[in-house]
Amino acid sequence: MSAGSERRAAAAPGVVPAPCASKVELRLSCRHLLDRDPLTKSDPSVVLLLQSQGQWVQVDRTEVVRSSLHPVFSKVFTLDYYFEEVQKLRFEVYDTHGPSSLSCQEDDFLGGMECTLGQIVAQKKVTRALLLKFGRNAGKSTITVIAEDISGNNGYVELSFRARKLDDKDLFSKSDPFLELYRINDDQSEQLVYRTEVVKNDLSPTWQPFKVSLSSLCSCEESRPLKGLVWDYDSRGKHDFIGEFSTTFEEMQKAFGEDQAQWDCVNSKYKQKKRNYKNSGVVILADLKVAIDFTASNGDPRNSCSLHYINPFQPNEYLQALVAVGEICQDYDSDKRLSALGFGARIPPKYEVSHDFAINFNPEDDECEGIQGVVEAYQNCLPRVQLYGPTNVAPIISKVARTAAAEERTREASQYYILLILTDGVVTDMADTREAIVRASHLPMSIIIVGVGNADFTDMQVLDGDDGVLRSPRGEPALRDIVQFVPFRELKSASPAALAKSVLAEVPRQLVEYYSHKELPPRDLGAHA
C-alpha cells in the first residue's frame, strides 16, 4: 500500500427498498349470503386476492363467523396503497368447512367481487353485489368494504380484557362468553373494532390480548366513545346478550394507570325489570400497552424492531458496520473528514425523495469530523427524514465517481476513494448500478456494500466480481474488480476487527492494481525518484 496516499470514505446508509404512498386498513361485512348448510346457516369467511402480473395471488383471509348470513368480520386487511398504480383486488366469500386457513379447496363458494383499491379509498365505503361463476348474481348477497387511511397515524394499542362473575345463560353448563369492542362514529353508527375468541364454560373468562391501530380504535381521538358488548356464544348464531359497558380510550389509560380499569357489564332490560339489579358481571382491563409501528422496511428509529433503532446500550447493525469499517479508513485520511451521504428517503424541507443527500443536511459540505461525526450526523438525521425508497445506489456511485475522476486528472497517487454503502434491500436499479460500477472501475475508488438485515441478497453477488468479470448492460467489462459485497448477518457475531478485516480485505489489492495500471508510483516515492 502506498505510503502517503490519502483515502476518502463516503458512507451511504440506505433506507427503504420500495415506495409506499400510504397504508390502508380494510374492514368487511356481508349481507344476505346464500345458505349452503342444510341444518344450520353458512359459516362465512372472506379471502382477499391481489392481481400481480396477470395472476390472482391470495393475500389473506378473515376469521370464520359461525352460522351467520349477515357476518361482520373482525379481521382487518392492511394494504400498501400506491396512488399511481391500479391495484386490482378480488374478494371471495366461502362457506367454510373445518378450521379457517388459507386453503379454500373444501369450502363452498358463496360469491365474489372485484374492484380496485383506489375505488375503495376514493369512496371510503363500497357495497357491491356478490357474483357467482359466469357473472350470475348470488341472490341478494352483498359485500361492504370500508377503507381507512392510517398513514401518519403510527400508534398501536395492545389490550387485554377479562371478566368476573358474568351471568350464566346456559341451563346445563356455564356461559361461553366473548367480547366485542365497538367505536362510535360521528354519525352515531357503530364500527366493530375487535371480536375476541370464545372462552368455553367460564363465568370469569380471560380473553387473549389483541393489538389494533389507534385509527381503528378511536380514529386517533382519545375521547371518542367506545362500547363493549359481552355475549354468550351459541353455535347456531343466536348469541345471548349478557351486557355492555361504555368508555373511551382516554378513560382506559387513566383508569389503568390508577389500577381502577373495570366497568359494570349492564343489561338494560334487567336494569329496568329488577329493582336491586347492579350488573351482569364486571369487565376488567387487564393490560394496556401503547406502541409505535412503521411500515418502511427498515422501520422507524424509535422502534426496537427497526434496523435503524438507536439503542442507547448497543449500536444497531448500520452503526456496527459503519464504525468497524470507518475507524480503519479514517486512519488513512489526512484530515479525518469523511463524506456521509444517504439515499432512498424523503428529506426536508419539501420532503421529496432523494438518492444522494448529505446526512448533515449541508449540500455544500457533506463531510463530517471523523467517524464519530458521521455517527452523530446519522443519529441526528434519522428523526428528520421519512424512510422511503426505492434502493437506487447508482446515483451515489456516480456522485463519488465524479470526485474520483477529478483526482484522476491530477495524474498523482494522492487520493483514493472508498465508498461504503450500507443497505437493507436488494438494489432496484441493477442495470444503472452495473453501468456505474464499470465506469468507476477506471477511477481511483473501491466500493464496499454491506447488506444489513435478513433480506435475500443473492442478486447482490453479481456486483462482486469474485465469480467473473462484471459487465455493464451494454456488455462492457469492468477494468478491475472494485466491489466487495458482505452480508452483515454472516459477521454479526464477529469482533469489529474481524468485521473490518473481512470487509476491507480486497481494498489494498484494488488500490495497488489501479496505480499500477496507471503507472503511478506512491506520491512520496515518486518525488524521491
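Because the model is predicted, local features need pLDDT of at least 70 and side-chain atom pairs count only at pLDDT 80 or more, while totals for chains, interfaces and linings use all residues. Residues are numbered from 1 along each chain as its sequence is written, and side-chain values use heavy atoms, with hydrogens and water left out.

**The protein as a whole**

- The protein has eleven helices and 26 strands, where helices (H or I, at least four residues) and strands (E, at least two) are DSSP runs numbered from the N terminus.
- Of its 529 residues, 51% count as buried, which means under 20% relative accessible area, with exposed meaning over 50% and partly exposed in between (1.4 Å probe, protein chains only).
- Among contacts (heavy atoms within 4.5 Å) with a separation of 6 or more, 70% come from residues 24 or more positions apart.

**Helices H5 and H6**

- H5 and H6 (residues 370-381) pack at an angle of about 160°, with their axes 10 Å apart; axes are lines fitted to C-alpha atoms, for helices over the stretch in contact, and angles run from 0 to 180 degrees between N-to-C directions.
- That angle makes H5 roughly antiparallel to H6, since angles over 145 degrees count as roughly antiparallel, under 35 as roughly parallel, 65 to 115 as roughly perpendicular and the rest as oblique.
- On the H5 side the contact is made by Tyr-318, Leu-319, Leu-322, Val-323, Gly-326 and Glu-327, which meet Ile-371, Val-374, Val-375, Tyr-378 and Gln-379 in H6.
- The residues of this contact of H5 with H6 divide into eight nonpolar, two polar and one charged, where Ala, Val, Leu, Ile, Met, Phe, Trp, Tyr, Cys and Pro count as nonpolar, Asp, Glu, Lys and Arg as charged, and the others, Gly among them, as polar.

**Helices H7 and H8**

- The axes of H7 (residues 394-408) and H8 (residues 430-440) come within 9 Å and cross at roughly 20°, which makes H7 roughly parallel to H8.
- H7 passes H8 in a left-handed crossing.
- Ala-394, Ile-397 and Ser-398 in H7 meet several residues of H8, including Asp-432, Ala-436 and Arg-439, and the residues of the contact divide into five nonpolar, two polar and two charged.

- In helix H9 (residues 496-504), the buried residues are Leu-499, Ala-500, Val-503 and Leu-504, and they cover an arc of only 110° around the axis, which puts them on the same side of H9; the arc is that of the directions from the helix axis to the C-beta atoms.
- Ala-497 and Lys-501 are exposed on the other side of H9, while what covers its buried residues includes H5 (317-329), strand E25 (445-451), strand E26 (483-487) and H10 (507-517).
- In H10 the buried residues are Val-507, Gln-510, Leu-511, Tyr-514 and Tyr-515, and these fall within an arc of 125° seen down the axis, so they line one face of the helix.
- Just after H10, Glu-519 takes a positive phi of about 55°.

**Phe-77 in strand E5**

- Phe-77 lies in strand E5 (residues 77-81) and is buried, with a relative accessible area of 1%.
- Leaving aside neighbours within four places in sequence, Phe-77 is in contact with residues including Val-24, Leu-26, Val-46, Leu-48 and Arg-61.
- Phe-77 and Arg-61 are 16 residues apart along the chain, and their C-alpha atoms are separated by 8.3 Å.

Key
A crossing is left-handed if the near helix is turned anticlockwise from the far one by less than a right angle, and right-handed if clockwise.
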